[in-house]
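I set out to look up the fold of this chain, entry by entry. My notes follow.

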Amino acid sequence: MPRILVTRKEHFNAAHKMFRPDWPKEKNEAVFGKCANENWHGHNYDLFVTVEGTPHPDTGYVIDLKDLSKLLKEKVVERLDHKNINIDVPFMQGILASTEHLALAIWDQIESEIPKMGDCRLHSLKLYETERNFVELRA
Ligand code: NI
């Protein structure tokens, strides 16, 4: 039997800056470019969460996507949407707000919750910071 992957897409807008206080301004600008802008800037993030598992015999679902959507809204979207990642988001405090770090933090928020929703587990997560730049994590 093939492996079955089920994906839910969510979206949020958030502000950040990429800035290390232990580096001079010039180095921050050289390394992080526009993302080092002191007065913040925003991104339209797209999040794809993929779950792998076995369909339940009663429903045919690996995971009820309404349940997955609710989890992602509560644990991720409501905590990030229209927020400043550097200031407003508890699970990103003290963490350089790269897409890589944000994807890892999102993974940590949801991984343990997925197996409670069926015979399934978190398989992968893709976080798009722009249309052309995204990070993918895999279990
Ligand atoms: Ni940026």
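For directions, I took axes as lines fitted to C-alpha atoms, for helices over the stretch in contact, with angles from 0 to 180 degrees between N-to-C directions. I took helices (H or I, at least four residues) and strands (E, at least two) as DSSP runs, numbered from the N terminus.

Source notes. The model is predicted, with local features needing pLDDT of at least 70 and side-chain atom pairs counting only at pLDDT 80 or more, while totals for chains, interfaces and linings use all residues. Residues are numbered from 1 along each chain as its sequence is written, and side-chain values use heavy atoms, with hydrogens and water left out.

Entry 1, overall. I found four helices and five strands in the protein chain. Their order along the sequence is β-α-β-α-β-α-α-β-β. The C-alpha trace spans about 60 × 25 × 25 Å along its principal axes. Taking contacts between residues at least 6 apart in sequence, I noted that 67% join residues at least 24 apart.

Entry 2, sheet. I counted two strands as paired if DSSP finds at least two bridges between them. Strands of a sheet pair through backbone hydrogen bonds, either parallel or antiparallel. Here five strands form an open sheet of mixed pairing, in the order β3-β1-β2-β4-β5. The edges are β3 (83-84) and β5 (134-138), each of which pairs on one side only.

I then looked up helix α4 (residues 99-110), which lies across β1, β2, β4 and β5. Helix α4 runs at about 155° to β4.

I found β1 and β2 running antiparallel, joined by 13 bridges. One pair I checked there is A14 with its bridge partner H43 in β2. Strand β2 (residues 41-53) also pairs with β4 (residues 120-128), in the antiparallel sense over eight bridges. Along that pairing, V51 stands opposite L122 in β4, and G53 has C120 in β4 as its bridge partner.

I used buried for under 20% relative accessible area, exposed for over 50% and partly exposed for in between (1.4 Å probe, protein chains only). Which strand is largely enclosed by the rest of the structure? It is β2, because ten of its 13 residues are buried. Over the protein chain, buried residues make up 40% of the 139 residues.

I looked up W40, in the loop between α1 (25-32) and β2. Phi of W40 is near 70°, a positive value in a residue other than glycine. W40 counts as partly exposed because its relative accessibility is 28%. H82, in the loop between α2 and β3, also has a positive phi, about 60°, although it is not a glycine. At 63% relative accessibility, H82 counts as exposed.

Definitions and conventions: Contact means heavy atoms within 4.5 Å.
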